[in-house]
Amino acid sequence: MNKLIEAVLVLMLGGALALLPARNIVRAGTGLVSQMIALALVWSVALPVLFGGPDVTGDMPWAYPMGSLHFRLDALGAFFLSWSLPMTLLGSVYAMGYMRKYFDSPRHIGVHFGLLNMISLSFILVYVGEHAVTFLLGWEIAALSAWLLVIWDYPNQKVRFAGFNYLVSTHVGLIFLVAAVMILYTNTQSWFLDDYGDWMSQNPGTVRNVVFLLLVTSFGLKSAFFPFHSWLPRAHAAAPAHVSALMSGVIHKAGLYALVHFLLISGKPDEWMGWFLIAFSVTSAVVGGLYTVGQRDLKRLLGYSSTENVGIAGIGFGVGCLGLSWDMPSLVALGFGGGLLHVLNHAFFKCQLFYAAGCVYQIKHVIDIERLGGLFKLMPVTAVCFIIGGVAISALPPFNGFASEFLIYSGLFTGESINIWAKLTLALTAAALAFVGAVSALSITRAFGVIFLGNARDNSLPEAHEASRWMLIPMVVHTIGTVVLGVAPTLGFALVAAPTALFLHLTPDAVAFDTLRSVTGTLVRIGAISAGLVAVLVVVLALVWLRARLKRQMPTRNATWGCGYGAPNARMQYTGASFSADFADRFKNIMLMLKRQKAPAGYFPRDSYVITDCVDAVERRLFAVINHGDESATDLSKKLHEDDPRLAFSAGLAAIVAIGALVLLAEGGLP
Amino acid sequence: MNTLLTLTHGVLVLALPIVLVGLVNRTKSWWAGRKGPRLLQSASDLRRLLGKRPVISTVASPLFRMSAYVVLVCGLAAASMVPMLGQFAPVQFSHDFIVVAYTLGLARIALMISAMDVGSAFEGMGAAREASFSTYAEPALFLLIGAAGAATGMTSFADLIGHLHSTPYFPVIVLPLVLALLILLQTEAARVPVDDPLTHLELTMIHEVMILDHSGPELAAMQYAAALKMTLYAGLIAALINPMNPLASPVAAILVSLGLMLLVALVVGCIESLTARLPMRWVTRYVLIGSGAALVSMVAVGLGASGL
């Protein structure tokens with residue numbers, strides 16, 4: 001426990017030192033060094049817990065009304081800590097390259113690195129805090145630091161708006177969380193999450209259901225589940241690449257952590273909670289997936305795919321909940337194991353994709369896929385990292401996304417004897433997941449094909465070349481992780497096994513732990529298949545190359561088939577919009593495509609254009625409602641005459657009645 | 001016994017793509033009153049292509065050549081898990097159908113990437129169509145497996161397809177499932193009415209337009225992989241109908257399955273001869289019929305199991 005406190009102090013000290021007047025490079029270095037020390041300290045505590053050690057607990061006396069602060073690091077928190085901190089460190093390394101152009105400018109780079117330290121610090125508070133106040137404190141530190149990181153480019157009005165949008169949304173989420181904590185506090189008179197869990201497990205009923213819904217809403221907002229995702233694409237598009245990567249891959253996993261943590265401590269859930277989680281998550285996965293198809297901005301696309309992927313992990317958690325309520329350890333292991341493994345895998349490939357997007361933006365100063373093209377040959381490392389991440393995010397073998405989705409699918413197609421309609425509903429969910437997989441394959445092919453393949457579409461952009469090493473190294477590290485966790489998913493599951501075992505403790509079945517072993521066996525097989533696929537492919541490619549060499553049939557080069565047209569140019573290539581037009585047209589009720597066009601007119605048409613843009617339906621609706629509410633409020637206030645004494649009198653009377661009613665209805669009366 | 005079945009499975013997987021394509025073409029020429037190409041013509045075509053020096057677009061990246069072999073290897077990997085002889089597949093384990101579906105998915109993404117790689121105005125069109133039609137085809141396969149899995153209570157591909165004929169639901173759901181598989185075959189293997197392998201107009205092609213720039217051995221790999229996909233789906237239909245258990249009576253089961261697969265090729269050929277391809281905007285609806293049929297069989301299984 002002391003080491004965790006030291007880590008917190010180191011992070012605060014590093015953040016503070018980064019603010020001192022010094023050269024920007026020194027400030028950034030201070031941030032990195034302090035994160036490294038904190039990482040070593042955290043690992044020395046978290047890894048033993050993760051691999052079978054006892055929980056680490058600690059208390060710290062604090063002033064009234066908090067009482068004693070209670071900390072406990074269990075396997076679940078240790079799992080999240082074990083990768084959140086190193087990934088934040090990698091993100092900070094990436095920032096060294098991404099922010100390099102500001103190092104010689106008057107901008108204070110230390111603030112940025114200090115805030116990255118605060119992100120790491122918030123992880124420790126959230127994943128270790130057993131006290132509602134430290135939990136909320138960590139939650140809030142993460143939200144505020146993320147907001148400040150997003151608005152790095154604050155002179156840009158769009159960026160400020162995106163940041164503000166994020167800030168408001170995340171605090172709306174906080175309101176739900178605080179409401180849930182208030183209900184729990186009134187029922188337990190305690191600040192400790194454990195007591196909340198005990199109360200929830202002993203008192204099933206309406207109040208628990210309300211608390212569950214409040215918590216799911218709040219955590220859903222944090223992790224950007226549909227329909228609480230509207231802030232996300234804006235924030236991701238506006239933030240620097242590493243901040244988007246950290247938000248999507250790491251910071252918003254805190255929402256999923258909190259969800260899983262509350263599920264863990266509140267014992268056996270009702271069956272409807274499992275179904276509710278599945279329905280909520282499937283909607284999120286499907287809609288998030290659909291929205292990735294229409295985007296022109298690569299970072300918005302990746303943002304929506306976060307909504308999709310938290311949905312996929314959520315399906316796993318839903319299956320796990322069903323397993324808990326039906327007392328079926330195999331479903332618990334597959335659901336929670338698969339869901340948590342997907343959280344880890346997603347952190348790997350999502351950061352990788354955002355880093356690749358950042359490399360492209362850094363060099364080309366544009367992230368609109370329609371203006372890019374042909375980057376593969378000029379940025380091969382970035383391109384390879386992007387496609388590996390893309391294949392992984394479409395859950396295709398041989399990379400890591402496949403392993404975790406395989407577990408979730410195995411849970412959905414369970415061989416356990418359950419009600420036939422439940423079984424068919426789960427199969428229907430699996431079909432929806434298959435649809436999501438195909439959709440994300442579509443959008444990733446579209447993005448990769450348009451950005452990296454073919455010819456450059458816009459020659460007015462700067463010449464492309466590979467980004468700086470500071471940016472390539474974190475990206476390559478993530479890529480290696482994606483590949484290794486794909487061919488050896490048991491390595492990932494070794495981290496997930498301990499938290500999954502916590503859930504298996506909740507099932508009364510004595511054979512619970514055999515299921516963990518059988519899940520590991522499944523993953524060994526999946527890893528073998530992925531590795532085998534890679535090996536066979538390498539052998540086949542080697543043989544093909546050798547054969548061509550021996551038969552002297554090395555390929556010759558010629559122009560692309562142009563259907564006989566002699567003067568093709570880069571503008572004639574298939575674009576992102578044309579790639580998705582067919583598909584998007586089928587879903588125009590969900591994906592709003594705004595189309596502005598000016599048709600060519602007259603014999604010598606001058607300027608004609610078509611601009612299509614996929615806008616967020618939820619956001620538009622939200623703004624419409626807000627605008628409408630604003631208007632109705634204005635209308636109402638016009639009808640009221642403020643100088644009318646009757647108004648003041650009736651308002652006062654209403655207030656007195658309300659206060660009186662509250663006093664009379666309150667159970668205990670006034671103290 | 002298993003060795004024998006594995007060997008047969010391997011031989012069928014390697015040989016049938018050529019035979020089935022030949023049979024489909026033969027059927028079509030028979031309907032058209034032509035003599036038609038030899039049954040094994042595509043073998044000669046493939047050999048000819050293998051001997052050629054490939055010509056690659058100047059725009060293409062190294063991924064272009066690689067992806068042809070990714071498609072081929074993935075097809076073969078999937079073939080090792082697809083039950084073609086009934087209740088048997090050389091590689092068989094719990095939930096292997098997910099691996100089948102996703103290895104084929106990897107093949108698809110590789111195919112689409114190689115199409116986008118040459119910077120053509122047409123090939124992206126094919127890739128976009130392939131991508132959007134596959135989003136409708138993929139759920140159909142999983143619904144079908146869901147229905148079969150719920151009916152049999154099994155979790156491996158070979159078991160849930162092979163045991164289906166011994167369940168009481170079989171007479172009710174066999175037709176919708178075969179229909180769903182046939183539509184999947186036509187979608188995934190680019191046959192009429194979804195796609196026409198003989199079309200020569202870039203604007204109306206799907207699969208062919210994606211491989212416009214492939215030549216030599218890469219084209220051979222792509223064509224063989226497409227024929228292999230047709231074989232896999234034909235094999236699935238055969239395994240679904242085949243009443244023989246290959247583990248008990250191997251010879252009969254192999255012969256019945258083989259006969260059924262040839263029959264599927266005949267049916268595919270007849271459909272190609274007698275119908276025109278659908279307008280592109282109707283294709284999605286056609287593919288959705290597959291999902292609908294699978295959904296119907298799911299509901300039938302559900303109603304049957306709850307005793308209604």
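Leaving aside its neighbours within four places in sequence, which residues is Thr88(A) in contact with? The list runs Gln35(A), Leu116(A), Ile119(A), Ser120(A), Phe123(A), Leu246(A) and Val250(A). Keep in mind that this is a predicted model. The predictor gives the complex an ipTM of 0.96 and a pTM of 0.94.

**Thr88 in chain A**
- You'll find Thr88(A) in helix H3 of chain A, which covers residues 75-98.
- Thr88(A) has a relative accessible area of 0%, so it counts as buried.

**Ser580 in chain A**
- Ser580(A) belongs to helix H22 of chain A, made up of residues 576-586.
- With a relative accessibility of 1%, and the cut-off for buried being under 20%, Ser580(A) counts as buried too.
- Not counting residues up to four places away in sequence, Ser580(A) touches Val293(A), Gly294(A) and Arg446(A).

- The largest cavity comes in at a volume of about 170 Å³.
- Its lining takes in 18 residues, and those nearest the centre are Val71(B), Leu111(B), Ala225(B), Ala226(B) and Lys229(B).
- Four helices of chain B each give two or more residues to that lining: H3 (63-79), H4 (96-116), H7 (170-188) and H9 (216-241).
- H9(B) gives the most, with six residues in the lining of the largest cavity.
- Sorted by class, the lining of the largest cavity has eleven nonpolar residues, three polar ones and four charged ones.

**Helix H4 in chain B**
- One of the helices lining the largest cavity, H4(B), is mostly covered, with 21 of its 21 residues buried.
- From its first C-alpha to its last, H4(B) reaches 30 Å, which is close to the 30 Å expected for its 21 residues at 1.5 Å a residue.
- As for helices in general, an α-helix has 3.6 residues a turn, so residues three or four places apart point the same way.

**Confidence in chain B**
- Chain B has a mean pLDDT of 91.
- In chain B, 100% of the residues reach a pLDDT of 70 or more.

Terms used: Residues are numbered from 1 along each chain as its sequence is written. Chains are lettered from A and ligands numbered from 1 in the order in which they are written. This is a predicted model: local features need pLDDT of at least 70, side-chain atom pairs count only at pLDDT 80 or more; totals for chains, interfaces and linings use all residues. Side-chain values use heavy atoms; hydrogens and water are left out. On a 1 Å grid over the protein atoms alone, a cavity is a set of points where a 1.4 Å probe fits but cannot get out, and a pocket is an open set with protein on both sides within 12 Å along at least five of seven lines; lining residues have an atom within 4 Å of a point. Grid points are joined across faces, edges and corners, and a volume is the space filled by probe spheres set on the points. Ala, Val, Leu, Ile, Met, Phe, Trp, Tyr, Cys and Pro count as nonpolar, Asp, Glu, Lys and Arg as charged, and the others, Gly among them, as polar. pLDDT is the predictor's confidence in each residue, from 0 to 100. Buried means under 20% relative accessible area, exposed over 50%, partly exposed in between (1.4 Å probe, protein chains only). Contact means heavy atoms within 4.5 Å. The expected span of a helix is 1.5 Å times one less than its number of residues.
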